[in-house]
Amino acid sequence: PTTVALIVAAGSGSRAGGTQPKQFRHVRGKPMLWHSYAALAAHPLIDQVYVAIGAEQEAGAMAALADCKEPILLQGGATRRESVYLGLQVIAATQKVDQVLIHDAARPFLSSKVIDDLLDALSFAPGAVPALPVVDSLARGTDILSETVERENLWRIQTPQAFAFQAIYTAHQSWTGAEPTDDARMLMAQGSDVRIVPGAEALNKFTFSSDFAGNNMTSFRSGN
Ligand code: C5P
């Protein structure tokens, strides 16, 4: 099957502070975007990597990916979902694709094992996500906790998320719900199965400034 990846990197990263969007800030000596691009581009089963970026971000993205082979940059949108949907439209117009991995640039430390597991899972379902079980206690409330939430069978869902291309493209075309935080829920809303594969702490999203301060202390080792 023809498999491509779409990295969404068109956010402003405003919650992370800093003078440049977080996807171009350095972590482990390289711009954040570089890490996931390199991991996806190096994978033997991935044929092409597309990157959705914001309107003013072309120079930043080109610099971040200067030593990468033929990155294809696309125009992202005002929300994450819009960036994904615009990307899927360009991909559909560019080449015939069977499978797509959709990934947040804000999750730089992606191992080939996670990619392998996701693509394996696509043999059994039209969607697959890496996820980690919730280990903390959960409750709902505002100032005072009002309701306990059992953590059994609850998952923290990460990216990349892998899909049969036509299934996720159709889900995006027909989505009328509120802004979703990921793509898998759009497939689920159509009644399609999304399989869980083991996620990784190293895949956690960089969201706040403090995530950058601590990034040398995570247990990620390359190739792991
Ligand atoms: O803002 P958040 O951390 O949830 O963004 C997740 C990913 O979606 C990031 O990699 C960000 O660059 C991307 N994004 C995008 N277009 C937007 C907003 C976010 O590609 N308009």
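Leaving aside neighbours within four places in sequence, which residues is leucine 33 in contact with? They are Ala9, Gln23, Phe24, Ala61, Ala64, Leu65 and Ala105, where contact means that C-beta atoms, placed from the backbone, lie within 7 Å of each other.

A note on the model before going on. This is a predicted model, in which local features need pLDDT of at least 70, side-chain atom pairs count only at pLDDT 80 or more, and totals for chains, interfaces and linings use all residues. Residues are numbered from 1 along each chain as its sequence is written.

**Around Leu33**

Leu33 also turns up in the largest nonpolar core, which has 57 residues. Such a core is a set of buried Ala, Val, Leu, Ile, Met, Phe, Trp, Tyr and Cys residues joined through C-beta atoms within 7 Å. Together with Ala5, Leu6, Ile7, Ala9, Val51 and Val100, Leu33 is among those that touch the most other members. Buried here means 20 or more other C-beta atoms within 10 Å of a residue's own; 12 or fewer makes it exposed, and anything in between partly exposed.

The buried set is Met32, Leu33, Trp34, His35, Ser36, Tyr37, Ala39 and Leu40. Helices (H or I, at least four residues) and strands (E, at least two) are DSSP runs, numbered from the N terminus.

Ala64, one of Leu33's contacts, sits in helix H2 (residues 58–64). It has 26 C-beta neighbours inside 10 Å and therefore counts as buried. Skipping residues within four places in sequence, Ala64 is in contact with Phe24, Pro31, Leu33 and Trp34. By contrast, take Ala128: 64 residues from Ala64 along the chain, with 29 Å between the two C-alpha atoms.

**H3 against H5**

How do these two helices meet? The axes of H3 (residues 80–94) and H5 (residues 165–174) come within 10 Å and cross at roughly 130 degrees. Axes are lines fitted to C-alpha atoms, for helices over the stretch in contact, and angles run from 0 to 180 degrees between N-to-C directions. The pair is therefore oblique, the class left over once under 35 degrees is called roughly parallel, over 145 roughly antiparallel and 65 to 115 roughly perpendicular. On the H3 side, Val84, Tyr85, Leu88 and Ala92 meet Ile168, Tyr169 and His172 of H5. That contact divides into 6 nonpolar residues, 1 polar and no charged, with Ala, Val, Leu, Ile, Met, Phe, Trp, Tyr, Cys and Pro taken as nonpolar, Asp, Glu, Lys and Arg as charged, and the others, Gly among them, as polar.

| Residue | Phi | C-beta neighbours inside 10 Å |
|---|---|---|
| Arginine 28 | about 50 degrees | 14, partly exposed |
| Glutamate 70 | near 45 degrees | 8, exposed |

Arg28 lies in the loop between strands E2 (26–27) and E3 (30–31), while Glu70 is in the loop between H2 and strand E5 (72–75).

There's a cis peptide bond too: it joins Thr159 and Pro160, with omega about 10 degrees. Pro160 belongs to the loop between E10 and strand E11 (161–164).

Strand E10 (residues 155–157) holds Arg156, which counts as partly exposed because it has 14 C-beta neighbours inside 10 Å. Not counting residues up to four places away in sequence, Arg156 touches Ala131, Leu132 and Val134. Val134 is 22 residues from Arg156 in sequence and 6.3 Å away in space, C-alpha to C-alpha.

Methods. Two residues are in contact if their C-beta atoms, placed from the backbone, lie within 7 Å.
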